[in-house]
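Morning, everyone. I have one model to show, and two places in it to talk through. Here it is.

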Amino acid sequence: MGAQIGLPRHGRSREELLQEMRALRSSDVNWQDGRVFSLVFPAGGEALQLLKDAYTLYFSENALNPTAFPSLRRMETEVIAMSATLLGSQGQVVGNMTSGGTESILMAVKTARDWARAERPDITAPEMVLPRSAHPAFDKAGHYFGVRAVHTPLTPDFQADVAAIRQAITPNTILLIGSAPSYPQGVVDPIPELAALAQEHGLLCHVDACVGGFMLPFVRRLGYPVPEFDFAVPGVTSLSADLHKYGYAAKGASLILYRDAALRRHQLFAYTDWPGGIYASPTMGGTRPGGAIAAAWAIMNYLGEEGYLKLAGEVMAVTRQIQDGVAAIAGIEVLGRPVMSVMALGSSKVNVYEVGDEMGLRGWHLDRQQFPPSLHLTINPAHVRQTDAFLHDLQAAVRAARRLSPQRLVGSAAVRAANLASRALPAPLVSRLMAGASTRLGGDGLPGRSAPMYGMMGTLPNRGDLRELVLDLVEQFTRPQEEG
Ligand SMILES: *Cc1c(COP(=O)(O)O)cnc(C)c1O
C-alpha cells in the first residue's frame, strides 16, 4: 500500500519546487544524449527553444472555443491544410488536431461506427479487421466504442496479409486498417491492395501513419523506395499522423484526416439542450491546450520542406549505418524490411531480452517486443552522434548475452519454472504465482534486468492471467510511492 498524501498545509516557494523537480528528474531516462530510442523526438536546440516559446506564448489559451481565439483557429486550420497537402490531398481532405495518435485512432473508429450506423443500419455488431501489427489504440477504440477487433496474421516479413484480411471480412465488417509503417517492425502494409479490398466491399479504410506521416513523404523525396500509403491511394478514407513524432512538434499534437467532409461529419459532436449553452466539439477533448497547436504551427513553419528533408536525411543516414552495423554482428538481425527509421532487432541465436538488459547496463534504453522477441529502435536526430557507440555496445551486448552469469541463471530458471507451472497448475494458482513473480522480477529482485519478466510474458499460455497481472501494475503506477 502506498503512503497517504494530502495537500501541503503551506504552499512552498517556486525556487524550492523547481529544485526538487530537477532533482527528481535525475532518475528519468536521459533523452538528450541519444541513448533512448522511443518517447522523444528532438529536432535540435533551436527548434526545442522555439517549441517552448510558442507553447508558452499560448500557454493559457483554450482551443475549446474557436471564436474566442481566432488566432488558434487559424493556426490549427493551417496545420491541417499543410499536412493534408503533404499526405496526398487534392483539396477535399478535412481533419482535426487531436492530443495524440491514440485520440486520432479513437476518432477514426468512432467515425466508422457512426458512419455504419447511418449507412449500414443492418449491422448491429460492427467489426474492424486489423493486422496483428496494428497499434493497440485500435483495440482500445474497439473496447471503448463497441467495435469488435478481428486480428489477422502477418506475412513472414511482418506485413498485413491481404488474403487473410479478405477471409476475415464478414457481413458485419465496417473498417479495414493498415499501417504506414507499423510500430513493431516498421514495415509499410500494402495500402493500395487493402484500400482496393475495402472499396470492393464498400468498407472504410484507415491508414495509421502516426509514426510515418511526417517522415515517409520526405524519405521518398530523398530517393528511398516508399510504397504508396496516403490519400493518393483511391479507397483510403481516413489517416492518422502524429505531429509530436516526426513532425517534431510539442507533445499533445496529432491529426485525424478524412477523405471528405461527409465522412468527417460522423466524428463531430453537438448537444443543444444544455443549460450552459449550445455545446459542440469535434474530437474527444473539451478544453484543449492552445500551446500544442501553436507549437505545431511554429515548428512546421520553422522547418519548412527543407528542414524536414534535412532531418529525414540525417535520420535515414543513421538508420542505414545501424542496419549495416547490425548485419555485421553475428547473432542479431533486423526483422522484415523496414521502410524508414523504425525497426526491430531479433535473434534466433541469443535471447534478445538479455541483449536488451546488457544494453541497459551500458546506458541504452531499448523497448522490448514479443511475437517474436525483439528490441525496438526508433531513430531520431539525437542518434547522429551516437551511432558508433551504439554499434560498439551492441556487439559487446550480444557477446555478453551468449555467456552465462549466475544472475541470469536465476532469471531463466524463474522463467522455466513459471512456464512449467503454468502448464501444470490450475489457472487461479498460476495467477497468484505470477503476481508474486512480477513483484520479484519487476520490482527489486533483479535490478536493471527485465529479461526474465519478458521471457515469461511471451511464453505464458494463459494470456488472461497476464492481462490481470498487467492491470495490477497499471493500478500500482498511480499509487503514491514509499520514500526510499
Ligand atoms: C505512436 C503510435 C500510435 C499512438 O500514438 P500516441 O501519440 O502514442 O497516442 C499509433 N500508431 C502508431 C503506428 C504509432 O507509432
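Ground rules. This is a predicted model, where local features need pLDDT of at least 70, side-chain atom pairs count only at pLDDT 80 or more, and totals for chains, interfaces and linings use all residues. Residues are numbered from 1 along each chain as its sequence is written, and side-chain values use heavy atoms, with hydrogens and water left out.

Ligand site. Which residues are closest to the ligand? They are G101, T102, D208, H244 and K245, out of 13 surrounding it (a heavy atom within 4 Å). Now the polar contacts, meaning pairs of N or O atoms within 3.5 Å. The side chain of T102 puts an N or O atom 2.5 Å from a ligand oxygen. For G101, a backbone N or O atom sits 2.9 Å from an oxygen of the ligand. For the side chain of K245, the N or O to ligand oxygen distance is 3.0 Å. The ligand alone exposes 370 Å², and the protein buries 84% of that (Shrake-Rupley, 1.4 Å probe).

Next, helix 5, residues 137-145 (a DSSP run of H or I, at least four residues). Which of its residues are buried, that is, under 20% relative accessible area with a 1.4 Å probe, protein chains only? A137, F138, A141, G142 and F145. They lie on the same side of helix 5, because they cover an arc of only 145° around the axis, taken from the directions from the helix axis to the C-beta atoms. Just after helix 5, G146 has a positive phi of about 75°.

Note on methods
A polar contact is a pair of N or O atoms within 3.5 Å; within protein, one must be able to donate a hydrogen and the other to accept it, and residues adjacent in sequence count only if both atoms are side-chain atoms. Buried means under 20% relative accessible area, exposed over 50%, partly exposed in between (1.4 Å probe, protein chains only). Helices (H or I, at least four residues) and strands (E, at least two) are DSSP runs, numbered from the N terminus.
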